Amino acid sequence: MSLDSKIPSGPLAQKWDQHKFDMKLVNPANRRKYTVLVVGTGLAGASAAASLGELGYNVKSFCIQDSPRRAHSIAAQGGINAAKNYSNDGDSVWRLFYDTIKGGDYRAREANVYRLAQTSVNIIDQCVAQGVPFAREYGGQLDNRSFGGAQVSRTFYARGQTGQQLLLGAYGSMMRQVDQGTVQLFARREMLDLVVIDGKARGIITRNLVTGEIESHAGDAVLLCTGGYGNVYYLSTNAKNSNATAAWRCYKRGAFFGNPCYTQIHPTCIPVSGEYQAKLTLMSESLRNDGRVWVPKNKGDKRSPDQIPEDERDYYLERKYPSFGNLVPRDVASRNAKMVCDEGRGVGESGLSVYLDFRDAIKRLGEDTIRERYGNLFDMYERITGENPYKVPMRIYPAVHYTMGGLWVDYNLQSTIPGLFVLGEANFSDHGANRLGASALMQGLADGYFVIPYTLANYLASNSFSKISTDHAEFITVREGVENLTKKLLSINGKKTVTEFHRELGKIMWDYVGMGRTESGLKHALQEIPKLREEFWKNVLIPNDPQNLNKNLEFAGRVADFLELGELMARDALHRNESCGGHFREEFQTPEGEAQRDDGNFSYVAAWEYTGENKEPVLNKEPLDFENVHVSQRSYK
Amino acid sequence: MARGIMEKKNMTLHLRVWRQKNASAKGKMVDYTVNDVSQDMSFLELLDVLNENLIKKGEDPVEFDNDCREGICGMCSMVINGIAHGPEKGTATCQLHMRKFKDGDTITVEPWRGTAFPPIKDLVVDRSAFDQIMAAGGYTSCRVGAAADANAILVPKDMAEKAMDAAACIGCGACVAACPNGSASLFVAAKVTQFAFLPQGHAERKQRVLNMVHKMDELGFGDCSNHGECEAVCPKEISIKHIAVMRREYFKAAIS
Ligand SMILES: Cc1cc2nc3c(=O)[nH]c(=O)nc-3n(C[C@H](O)[C@H](O)[C@H](O)COP(=O)(O)OP(=O)(O)OC[C@H]3O[C@@H](n4cnc5c(N)ncnc54)[C@H](O)[C@@H]3O)c2cc1C
């Protein structure tokens, strides 16, 4: 199948405006005749539900948690980018666009990224109007901080709780629509399949997580806003309920999966403390504004950090990347942390961590200023580790954090299934092979507030929709499929728990499809994952209670999907014989150990197409054309 | 493997946990013992370990709400040794670590209780009443796309900080669980105050406080009689002073 990205013609800066003008509209009186199913209530889903409800569409909103406000976006800490240039330091839409394309290692679509940079400006206006209490300067204007991969200060923040405040803003707007009757809430629901009728997405099948009931919902379009799949690694910074199931089941219904191997490993997370570990905690990238990353110059130096004199410390990021210093992009920072630990210079009991030191910043600015900027992060660090970071340097290590890959979408955010739109982290669209800090929140809100209201209207107005009820034969078939899957899972009654399988998969993924990938390692993973999957279907043990809340049953379905997705990720990583952004193939590096792209052969989006159970997926390619930026070796030196 | 780490597993803990199969079943406390507990574990990781043991024995695991495990989503919700979110001040259950307990301790674990939070299973309760309160006014009515430039209205730094102190509420419901009257006053006050301190909240100031307070009453939450238990257990340490602000706002709105 040939992929049509539907990028509008014309000059980059005018594409979106022209496209908005060219697209069809739905008359206000007709909007309530359309039902839109919005799955997910993170920044992408909540902002989409709020905007569409406000426009008058009939919206049904679904989420796994007990309240939409608890979607994983709530946990985002550091901030959100926007090209406001309030700092007068040379920012512009063009620069944000350029930084994002470069940060993504030239593996994203120019047109999408430009639109993202354009709309970033409106996002901040919208959020302020919603009463998001962003940090302010004494004069009452908005304050900014810096994030990695940029030399300007363009990140807006609300203490270390930016995601929470943005989500509560979007959630508030959505709840206003609930009150007005345009949005209907379905919490504690999990979408388990997509219903495609006459080639269009027309509904979803959900499980009521409290009663176990399998429910059908019909609509005229489905918006998938279900977040990323970092939990395929078991340990990640993602919330426990973050999963790939909705996206994966849509993949199996014909939506292509874009760049599954592009995973972001975040450099600053609290190191693992034991096998019981259930998840990893991020320490926001904003800490790199003031914290300095270092390890001892000598291998195996076991002295406590305060005993190591200045000239025996290696501030390796400042040394290797003098212009960006501690604020290099995430992939670069993570890889370097791994490198110094592999050299035997890592610190802590396990030797698998590096210092993030605030000593100099505290000396320069005083403890109070540091507390004001990062107080809640420092407190969190102390609660988890029992160590006081005002006194001893933090110890950090990279952890899986974000997935740039996701369902393939065109410029209109539509997947390869007409009527199935994918927003936020769940799509592959804007970050190429590496996402810059503070850009995920921006993308989620851009998609939901400012893109989908237009592109969805165009889809609805350009198509005709037969009336379909949930009694339709296709609904019944898909629903039975879901019921049978649940029965099958419960009937296995084996010996190993879902968590044990998940942990094992995570270990394979981390070891072979993680920070440093090799051909032989990936081939090994491609043998191990199917073996584990086979064992799962023979030996998983799930508490047999389908009619009440049963977290293990929910997780069983998700882990079953991760066991398939993991394989696709390894396959994608193996086929991409180059290094780019977060995808680091050890065979392909520059003499200095930086990612070595191969633009001649790999300047494309890999969009994988499902072809049936136990059949090899087909690789489709969307070539990436760079008409506006000069593609070069990324340098942060 | 990056994950082979030395663990200090040296505690044995006795748990008394509330078990209830579903909303209509009768519940009871059940005793369990967990061995080899590390002091670096979080409280929820302790329950994870217990659950793995139970599943292997063919018993039903203890259901409990949790998600971010970073103290921000507000999902986790249990009363530990009689205190909502347990003994550590300003800390949600997921951020409570076992180093706060001693070898051999017996720990009781119960769900939030309150008329407005009906039980679902074990430690899981239904908090959707909070969503209903938010739908009654927890927002500003600004249409997408209609906002003025973000710097058009200045907000003094101290006001932004105060608004943020209130906005930090994670909506977990510990305040309700701890309140002898089962009042949601701290939750409502946090939202009302956030908007009262910000110019963006002013247009709907009166209607907001009236609607949210009435909704709270209608849903069966009790009145505030200044016990202060809410503030004591709040994982975000939201001050009871916000309730005073809410009362003033309510009074001003009601008489005008
Ligand atoms: C700890 C942490 C800190 C971060 N900090 C930042 C930051 O400072 N700046 C930044 O830009 N980005 C940050 N990120 C990234 C950013 O938070 C996420 O990429 C973004 O919030 C994702 O939003 P989303 O709306 O796409 O999905 P999510 O917020 O993940 O929401 C997914 C929604 O889908 C629902 N869902 C999922 N599957 C189903 C299903 N099958 N059925 C029904 N519902 C389903 C969930 O219930 C949820 O409502 C951070 C991420 C983490 C993990």
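Which strands of chain A does helix 16 of chain A lie across? Helix 16 lies across strand 10 (257–258), strand 20 and strand 21 of chain A. Its direction runs at about 145 degrees to strand 20 of chain A.

## Basis of the model

This is a predicted model: local features need pLDDT of at least 70, side-chain atom pairs count only at pLDDT 80 or more, and totals for chains, interfaces and linings use all residues. Residues are numbered from 1 along each chain as its sequence is written, chains are lettered from A and ligands numbered from 1 in the order in which they are written, and side-chain values use heavy atoms, with hydrogens and water left out.

Helices (H or I, at least four residues) and strands (E, at least two) are DSSP runs, numbered from the N terminus. Two strands pair if DSSP finds at least two bridges between them. Axes are lines fitted to C-alpha atoms, for helices over the stretch in contact, and angles run from 0 to 180 degrees between N-to-C directions. Contact means heavy atoms within 4.5 Å.

## The parallel sheet

Chain A holds an open sheet of five strands in the order 5-2-1-9-17, with parallel pairing. Strand 5 (183–186) and strand 17 (420–422) of chain A are the edge strands, each pairing on one side only. On average, neighbouring strands of this sheet are turned by 20 degrees against each other, direction ignored.

Helix 3 (residues 43–55) of chain A packs on the sheet. It touches strand 1, strand 2 (58–62), strand 5 and strand 9 of chain A. Its direction makes about 160 degrees with that of strand 2. Strand 1 (residues 35–39) and strand 9 (residues 221–224) of chain A run parallel and are joined by four bridges. A:Val39 stands opposite A:Leu224 in strand 9.

## The antiparallel sheet

Four strands of chain A form another open sheet, in the order 16-10-20-21, with antiparallel pairing. Its edge strands are strand 16 (406–407) and strand 21 (618–623) of chain A. Six bridges join strand 20 (residues 604–609) to strand 21 of chain A. Here A:Trp608 has A:Leu619 of strand 21 as its bridge partner.

## The interface of chains A and B

In chain A, 88 residues are in contact with 81 residues of chain B. The two chains bury about 7500 Å² between them, 52% of it on carbon and sulfur atoms. Buried area is the accessible area (1.4 Å probe) that two parts lose on being put together, summed over both. A:Arg70, A:Tyr276 and A:Arg383 supply 11% of the area that chain A buries against chain B, more than any other three residues.

Ten salt bridges are counted between chain A and chain B. A salt bridge is a side-chain nitrogen of Lys or Arg within 4 Å of a carboxyl oxygen of Asp or Glu. B:Lys56 forms one with A:Glu500, the closest N and O atoms being 2.9 Å apart. Helix 6 (162–180) of chain A gives the most to the side of chain A that touches chain B, with nine residues.

## Salt bridges overall

Over all chains the count comes to 72 salt bridges. In one of them, the side chains of A:Glu318 and A:Arg292 meet at 2.7 Å, N to O. A:Glu318 lies in helix 8 (residues 316–320) and A:Arg292 in strand 12 (residues 292–296) of chain A, so the pair ties together parts that are 26 residues apart in sequence.
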